[in-house]
Amino acid sequence: MKKILIAAVMFTTLVVTAQNLNGRFSTSLYTFERFSAPEVSELNVRSLSSLYFNLSKDNITLRSRLNFETNIANSLNNDPRLRFYNLYVEARNLLNVATIRLGRQSLYNGVAGGLYDGVNLQLRHGIFKLEGFYGGNVPEYQKLELTDDFANDFILGGELTVYPTDELRIAVNYTDKNFKAQDYDAIRLNEFNVLDTILIQRASNQFKYLGAEVSYYIPKLIEINSRYNYDLNFEQTSRFEIGTRYTQVEDFGVSLYYNYREPRIRYNSIFSVFNFSNTEEIEGGLDYKFSDVVTAFGKFANVTYQDEDSQRLTLGVNTTYGTVSYRTSFGYAGELNSFSVYTARSFDDGFITPSFGLTVSSYRLSENDPKNNLLALLAGINIRPWSKLSFDLQTQYVSNKIYNNDFRILFKINHWFNTNF
């Protein structure tokens, strides 16, 4: 109750002083059938509502993203749930160099991703950009609570970026993410060599990486992006990848991609005691633009494991009306054949947008295993009678050996708002 009152007071203060309020509210109903036994099923009607809003005054903004979910027909465990994905204050262009964010915010830097409760500071000057962040990990189900142990349950990191020219970007970064380990009781020998119940308290040191990124881009000629990560806990290269796309020839593109990757294993976890090996992947692709409407593409990849290889081929056509693609994989990773079609097109200045998708797949882990078939269909329509209001209706159907004739319906209402005070 105390936290709610504090939040209400802060929100009221910001509303009174704010110059602009904008955001989006969505609410939807999603129906599906769940089997608790081979002949026993129950219908579930799940309600999902989400709210994004920004309250701004000059260079300061309160940003939020929250979600409320519950089951209407049959209550599930932990229902209802109110999740807070974002709730932070952002102050921009302080002293013409700094931007600071304080509160629950998102993070993605190629090594770690997700949410944290803390601070993010960015400094920009000339060709340099320096970013640092620190905060506690978010409790399960994104509850509006803080971790009770910031010293052992945190994420910490930073990145220095340099732009020597308009075409070149160079960055080095550091990320340290630590989860608080759960204490537990276990039967162990004590100091007198007698079996006893012992409280196990483990330290945890799970992700600690150094990284570097280099990007080079000249429009209508070439684009190169590369990334390197070094695992400080295991003292080895964790990942290296480089991708390039050459577009000097009009309407014609050539792409090449390579990556080396070690499995990401949590330090001090039970999985770290097993033997594991890296993978290497190289993929080449071509695409040709026949017109402003149609572009055809093809890609072929080879993945190398410790003693085996696997291949992947993708062919398709992108149009302004949708996409048609075929994908096949074969070798050590199993066999897959998949054909997909998706189309969506707006009419009458966006008033109505029908959509349709179809996927037909067959797969098996090895040539001696039986094939499994999958059929997935979706059909939907979006109606937007006004710019600030839209309605979505979508039906989904899946059939395979696990979900036999699974049919679902989604209905959603979206409302956008923007008010200047």
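Trainee: What gives the most to the lining of the second largest pocket?
Mentor: On a 1 Å grid over the protein atoms alone, a pocket is an open set of points where a 1.4 Å probe fits, with protein on both sides within 12 Å along at least five of seven lines; its lining residues have an atom within 4 Å of a point. Strand S1 (20-37) and strand S24 (406-420) each supply at least two residues of the lining here. With five residues, the element that gives the most is S1.

Trainee: What kind of model is this?
Mentor: Residues are numbered from 1 along each chain as its sequence is written, and side-chain values use heavy atoms, with hydrogens and water left out. Local features need pLDDT of at least 70, side-chain atom pairs count only at pLDDT 80 or more, and totals for chains, interfaces and linings use all residues, since the model is predicted.

Trainee: What volume does the second largest pocket have?
Mentor: Grid points are joined across faces, edges and corners, and the volume is the space filled by probe spheres set on them. For this pocket the value is about 340 Å³.

Trainee: Which of the 14 lining residues are the closest to the centre of that pocket?
Mentor: The lining divides into seven nonpolar, three polar and four charged residues. Nonpolar covers Ala, Val, Leu, Ile, Met, Phe, Trp, Tyr, Cys and Pro, charged covers Asp, Glu, Lys and Arg, and polar covers the others, Gly among them. The closest to the centre are Glu33, Arg34, Phe35, Tyr403 and Asp406.

Trainee: What does Ala18 touch, not counting residues up to four places away in sequence?
Mentor: Contact means heavy atoms within 4.5 Å. Ala18 is one of the residues of the largest nonpolar core. Its contacts are Leu55, Ser56, Lys57 and Phe421.

Trainee: Is Ser390 buried or exposed?
Mentor: Ser390 is in strand S23 (residues 389-399). Leaving aside neighbours within four places in sequence, it is in contact with residues including Asn382, Lys412 and Trp416. Buried means under 20% relative accessible area, exposed over 50%, and partly exposed in between (1.4 Å probe, protein chains only). Because its relative accessible area is 2%, Ser390 is buried.

Trainee: How many salt bridges does the structure hold?
Mentor: Side chains of opposite charge can pair when their charged atoms come close. A salt bridge is a side-chain nitrogen of Lys or Arg within 4 Å of a carboxyl oxygen of Asp or Glu. One of them joins Glu90 and Arg92 (2.8 Å, N to O). The number in the structure is 19.

Trainee: How many residues apart are Arg245 and Asp287?
Mentor: These two form a salt bridge, with their closest N and O atoms 2.6 Å apart. The pair links distant parts of the chain, as Arg245 is in strand S14 (residues 236-246) and Asp287 in strand S16 (residues 279-289). Arg245 is partly exposed at 32% relative accessibility, whereas Asp287 is buried at 16%.

Trainee: Which residues do salt bridges that share partners join into one network?
Mentor: Lys289 and Asp292 form a salt bridge, with closest N and O atoms 3.8 Å apart. Lys289 is partly exposed at 33%, and Asp292 is exposed at 69%. The network asked for joins Arg46, Glu69, Asp79, Arg81 and Arg83.

Trainee: What distance separates the C-alpha atoms of Tyr321 and Ser355?
Mentor: Tyr321 is in the loop between strand S18 (309-319) and strand S19 (322-331), and it is partly exposed at 46% relative accessibility. Along the chain, Tyr321 and Ser355 are 34 residues apart. Their C-alpha atoms are separated by 9.9 Å.

Definitions and conventions:
Helices (H or I, at least four residues) and strands (E, at least two) are DSSP runs, numbered from the N terminus. A nonpolar core is a set of buried Ala, Val, Leu, Ile, Met, Phe, Trp, Tyr and Cys residues joined through side-chain atoms within 4.5 Å.
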